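User: I have a two-chain model open and would like to talk through it with you. Could you start with what you mean by a contact, and then we go on from there?
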Amino acid sequence: MALAERPRPGVQPLWIERIPAAWWALALILLTMPAWANNFILFQVMGWTFILGMIALSLMFLAGYGGMVSLIQMSVAAMAGYMMAIFGNSGMGDISMGLPWWLYLPIAIVIAAIFGTIVGALAVRTEGIYTIMITLAIAAAFFYFTRQNYTIFNGYSGFNLVVPPELFGVDWRQPMPFYYLTLGCAVICYAVVVYVSRAPFGLALQGVRDNPRRMAALGFNVTAHRIAAYTFASVIAAIGGILLVWQNAQIAPGTAGIPAVIDILVIAVVGGISRPIGPFIGALIYVLLRTFSPDVLLAFGLSGERFKLLIGLGFLAVVFFSPDGVLGLWERWKSRRDRRRDPLTGADE
Amino acid sequence: MKKALIASVSMAALLVPAGAMAQDTVKFGILVALEGAFAEGGADGVRNVELAIEQAGGMAGGKTIEYVVAPTDTTPDTTVRQARKLIEQDGVDIILGPLSGSEGIAMRDYAKTIPEKTVINGISGALETTWVDPAENFFRFNLDGAQWGAGLGSYVVEEKGWTKVATVAADYSFGYTNFLGFAVDFCRSGGEIVERFWVPLGSSDFGGVIAALPDDVDAIYLGVGGTDAINFLNQYSQAGAETNLIGGTIMADQTVLTSRGRAKEALIGTPTSGALAEDNPDPAWQEYVKAYQDAFPEDERFPSPSLFGVGYYVAALAAIDALNEIDGDLSDGQEKFRAALADDPLDTPLGPVSLNENRQASGTVFINEVQEDGAGGLKNVMVGKAENVNQTLGMSMEDFRAMGLPSRDTPDCAALADAG
């Protein structure tokens, strides 16, 4: 696994000058999107992309910086969603407590973080495939528990009519406000992950990933770092989970069913887990395939019910041509371009 | 050859005016499960909508019918997502679907956000969908899970003379709802439920329940389906299989009847109730089955239409019928269309169906009995039917509401027996 960030040599210019032009273009596109995209694209395609991107980002943080592939992130997100439905408002009046938003949002995030931390504390004692197995087992247990527990989780049907509060006189479920809400949350989560990855904690975590024994010898508490990484990732997943429930206006056990849990892994892997932007790219690919593959099949005169085939082939193609996801493709292309430069002077040949 | 040429030319001549009116289309969105346990049934749903459109000549109310399929995986999340795509991206006028219970409840809530469009339920059967806070633009032309259980209770009391039963049913919403339909009818006919057992969905060990079943009952009601039912029957026959059985709606379906092993033989003579009877002698049903069999090659369909297929067929029929009535006028937020859907009874292959003020169907429930088919297998034979079963199972709205929503302890059998 490549190091996530490479230090750049030379004189450091002003931070604003260091932002590549591509980022400015991306920001411009994203900010002006409501002007030229329809409501469906805003709410459904982009909103969902940002939400899944955030949940996959939490997995990317654990896998890319911590070397821990956790399948619990979707369950943590669903836990936050459930807690919001239980402590806040929903169509199930006799379970939901109807607390105000400034109370139920922190409660939901904190409980989800605690849940993620406990799972993390169990999982960090294992390595590699065993981490995947233990988190998958807990995710499966969470799914079946929510499906059969009626007193807290309202079993099979879950909670409906869970909508965001009307803050500042804005209905946040309208396409444009919701688009900016998810965009804002996604940007903040992205920025925080980038910041943490360069902060002492993030660097220590990458050290733990590469050589835990040496880090322990240096005096770092390896287990504590890993568990803290789970806590941090859980908060990001929890924010994604809350937005997901607002988007669907409901939550049920299927939200965190095994297919959904695996989807998050697929998104992260397809996008690439070496950088925080990867999960968002993966999420966009996933959402586009998920949304439009039946139409593509029908356009070619094939039966729409085989749409999963197209999704599978799409993912297979990405993983086959680039085992490190779409980001890997990009990086290989860039390095090939760089190779054309003179390695000593940096001048183009 | 010449004939074909003439035919195609005259067809073209017929189609030209239709082509000129091509802007005048009505768009159906078929919201159907094509992933997961119900994928096969869902595909049958799509086939049946195609059949209904074909039978109508591809036209309704003078407009050409177009349709878009939106696949779901039976989770409410995906259902709402796909419904949104149908409305916002594909611009459909009418949604036909969904297929399963929790999807139905999610669609009821979603329907409230699209008051200008109309949703006609596919085959989802949760009671709450049209009972608790129903949506103005959500119509259901199939019976719900509780109605499917009705008629069976009085049948076993009157025809079989079984008045004391113990029940074993699946511990989730369909299990409760389907059981409620049976129990309301059974208790009001003077039956007594001695003990209720609830088993989790997908359990494989029924030993504890079987051992705890009381001996002095006339029959055992089984509200489980699929592999759970097969597992139960296996273990039950190993333990002696002495008592009569009564089946819930999903108990004696094709998965169980065609399963391997001798355990299913415990089912012989078991009455069940449900939305359809395969050997229904009603000409409307026979005609429909024939049309279905003729429309699709044998390897691309079921031997006869499935429950899911019939549900979607009836939904499409209802939409086409109402569109014809109003000459395809969908202006005014589909006001006229909804009025046309609601007003007169619809003739379906399952008999006439009428809607109540919650836009929920009242119709016929069929009582079937499992019998040997003479070739070593088992089949369902229709032994009776209950007509005009309404949403409240013949009770007044107040009484039905007072009874509470289906759960482990609802309905209270003794209270119903006193009232009845």
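Analyst: Two residues are in contact if their C-beta atoms, placed from the backbone, lie within 7 Å. Please keep in mind throughout that this is a predicted model. With that cut-off, and leaving aside its neighbours within four places in sequence, I95(B) is in contact with G29(B), L31(B), A83(B), L86(B), K117(B) and V119(B).

User: Where does I95(B) sit, then?
Analyst: I95(B) belongs to strand β4 of chain B.

User: And is I95(B) buried or exposed?
Analyst: I95(B) has 30 other C-beta atoms within 10 Å, and because a residue with 20 or more counts as buried, I95(B) is buried.

User: How far apart are I95(B) and G29(B), in sequence and in space?
Analyst: They are separated by 66 residues in sequence, while their C-alpha atoms are 4.6 Å apart in space.

User: OK, the sheet around there. What is the strand order in chain B?
Analyst: The order is β2-β3-β1-β4-β5-β6 in an open sheet of six strands, and the pairing is mixed. The edges are taken by β2 (59–60) and β6 (138–139) of chain B, each of which has a single partner strand, so one side of each is left without a neighbour in the sheet.

User: Which strands does β1(B) pair with, and over how many bridges?
Analyst: β1(B) pairs with β3(B) in the parallel sense over nine bridges, and also with β4 (residues 94–96) of chain B, again parallel, over three bridges. On the β3(B) side, F28(B) has Y67(B) as its bridge partner, whereas I30(B) stands opposite L96(B) in β4(B). As for cover, seven of the nine residues of β1(B), which runs over residues 25–33, are buried.

User: What about β4(B) and β5(B), how do they pair?
Analyst: β4(B) pairs in the parallel sense with β5(B), residues 118–120, over three bridges, and the bridge partner of I94(B) in β5(B) is T118(B).

User: Which helix packs on that sheet?
Analyst: Helix α2 of chain B, residues 39–55, packs on the sheet and touches β1, β3 and β4 of chain B, with its direction making about 160° with that of β1(B).

User: How does α2(B) lie relative to α12(B)?
Analyst: The axes of α2(B) and α12(B), the latter covering residues 283–295, come within 11 Å and cross at roughly 100°. An angle of 65 to 115 degrees counts as roughly perpendicular, and α2(B) and α12(B) are therefore roughly perpendicular to each other. On the α2(B) side the contact is made by L51(B), E54(B) and Q55(B), and on the α12(B) side by A291(B), Y292(B) and A295(B). By class, that contact has four nonpolar, one polar and one charged residues.

User: Switching topic: how many residues does each chain give to the contact between chains?
Analyst: Chain B gives 22 residues and chain A gives 23 residues. On the side of chain B that touches chain A, the elements that give two or more residues are β3 (63–72), α3 (76–89) and α4 (101–111) of chain B. The most comes from α3(B), with eight residues. This side of chain B has 10 nonpolar, four polar and eight charged residues.

User: And in chain A, which residues of α6(A) are buried?
Analyst: They are T131(A), T135(A), I138(A), A139(A), F142(A), F143(A), T146(A) and R147(A). The buried residues of α6(A) pack against α4 (73–87), α5 (101–123) and α11 (258–271) of chain A.

User: What span should α6(A) have, and what does it have?
Analyst: At 1.5 Å a residue, the 20 residues of α6(A), 129–148, should span 28 Å, and the end C-alpha atoms are 29 Å apart, which agrees.

User: What is phi of D327(B) and of D332(B)?
Analyst: Phi is near 55° for D327(B) and near 65° for D332(B), in each case a positive value in a residue other than glycine. D327(B) is in the loop between α13 (307–325) and α14 (331–342) of chain B, whereas D332(B) is in helix α14 of chain B. D327(B) counts as exposed, with 11 C-beta neighbours inside 10 Å, and D332(B) counts as exposed with 10.

Conventions. Residues are numbered from 1 along each chain as its sequence is written. Chains are lettered from A and ligands numbered from 1 in the order in which they are written. This is a predicted model: local features need pLDDT of at least 70, side-chain atom pairs count only at pLDDT 80 or more; totals for chains, interfaces and linings use all residues. Helices (H or I, at least four residues) and strands (E, at least two) are DSSP runs, numbered from the N terminus. Ala, Val, Leu, Ile, Met, Phe, Trp, Tyr, Cys and Pro count as nonpolar, Asp, Glu, Lys and Arg as charged, and the others, Gly among them, as polar. A residue is buried if 20 or more other C-beta atoms lie within 10 Å of its own, exposed if 12 or fewer, and partly exposed in between; C-beta atoms are placed from the backbone. Two strands pair if DSSP finds at least two bridges between them. Axes are lines fitted to C-alpha atoms, for helices over the stretch in contact, and angles run from 0 to 180 degrees between N-to-C directions. Angles under 35 degrees count as roughly parallel, over 145 as roughly antiparallel, 65 to 115 as roughly perpendicular and the rest as oblique. The expected span of a helix is 1.5 Å times one less than its number of residues.
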